[in-house]
Every structure is written in structure tokens, then in C-alpha cells.
Amino acid sequence: MSKNTDFVTSCPLTKVQKIVGGKWKIVILWYLSVGPKRFGQIKRTFPDITQAMLTKQLRELEEDGFVHREIFKEIPPRVEYSLTATGENFVPILRSMYDWGEVHLAPAEQ
């Protein structure tokens, strides 16, 4: 680990946090890790997210190079979202987070 004390601007963790720090981004990436999904599929899987917020989170992930948006020239138009190579490279980190959560976070009592 670097001894760099500039945690705000140049720390790699700060940069990663800016990319995946949105409320829904990590679970969207995790969901896309199993394969391409259409917008409606993603929306149905996460019903608590508004359409505007889902669009915003997907666009930001696309701008940051984690998600690819493909528009199919059909009637009606079809749009699919999938992980880019960068997004795929992030999946092992998501898997580690998932595994850590299973071990260290007790399930909600029912």
C-alpha cells in the first residue's frame, strides 16, 4: 500500500468509490455479471429504484466504462446492457464483497 496521504484526490480507493458509489451501482453490476439484460428486466428486479435513477446509474456506469449499452434497430427498439471488459474485471471484487457479506453480516431476523 502506498504511503500517499492524499486520500481525497489521488487515492485509488477514492476513484473507485466515485465510480461505484451510487446507491444502486454495485447491485446493478452484480446483476449484469450473469449476462446482458434489458432495461425492463433490470427495473423489475429492483422495483424500489425509479426509472430516472436507473437511467442515471446506468449512464454513469456506461460513461465510466463498466457497462455497454447496445441499441438494436428493431421495432420497437430494444436496448441491452452488459458488462464491458472493465466491468467483467470488477466481478471478482463484487464476488469478494458478496462472500464477505454472507460471512460477516447476519441475515435479517424474520
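**A stacked pair**

Trp-30 is partly exposed, because its relative accessibility is 26% and the class covers values between buried (under 20% relative accessible area) and exposed (over 50%), with a 1.4 Å probe and protein chains only. The model is predicted, so that local features need pLDDT of at least 70 and side-chain atom pairs count only at pLDDT 80 or more, while totals for chains, interfaces and linings use all residues. Residues are numbered from 1 along each chain as its sequence is written, and side-chain values use heavy atoms, with hydrogens and water left out.

Rings of Phe, Tyr and Trp (its six-membered ring) pair if their centres lie within 6.5 Å, and planes under 30 degrees apart count as stacked, over 60 as edge-to-face and the rest as tilted. By this rule there are four aromatic pairs. One of them is stacked, with Trp-30 and Tyr-98 at 5.3 Å centre to centre and 20° between the planes. This pair links distant parts of the chain, since Trp-30 belongs to helix 2 and Tyr-98 to helix 5 (residues 85-104), 68 residues apart; helices are DSSP runs of H or I with at least four residues, numbered from the N terminus. Tyr-98 is partly exposed, at 39% relative accessibility.

**An edge-to-face pair**

The ring centres of Tyr-31 and Phe-46 are 5.7 Å apart and their planes stand at 85°, so this pair is edge-to-face. Tyr-31 is buried, with a relative accessible area of 19%, and Phe-46 is buried at 14% relative accessibility. Ring pairs join Trp-24, Tyr-31 and Phe-46 into a cluster.

Key. Helix = DSSP H or I, 4+ residues; strand = E, 2+ residues; numbered from the N terminus.
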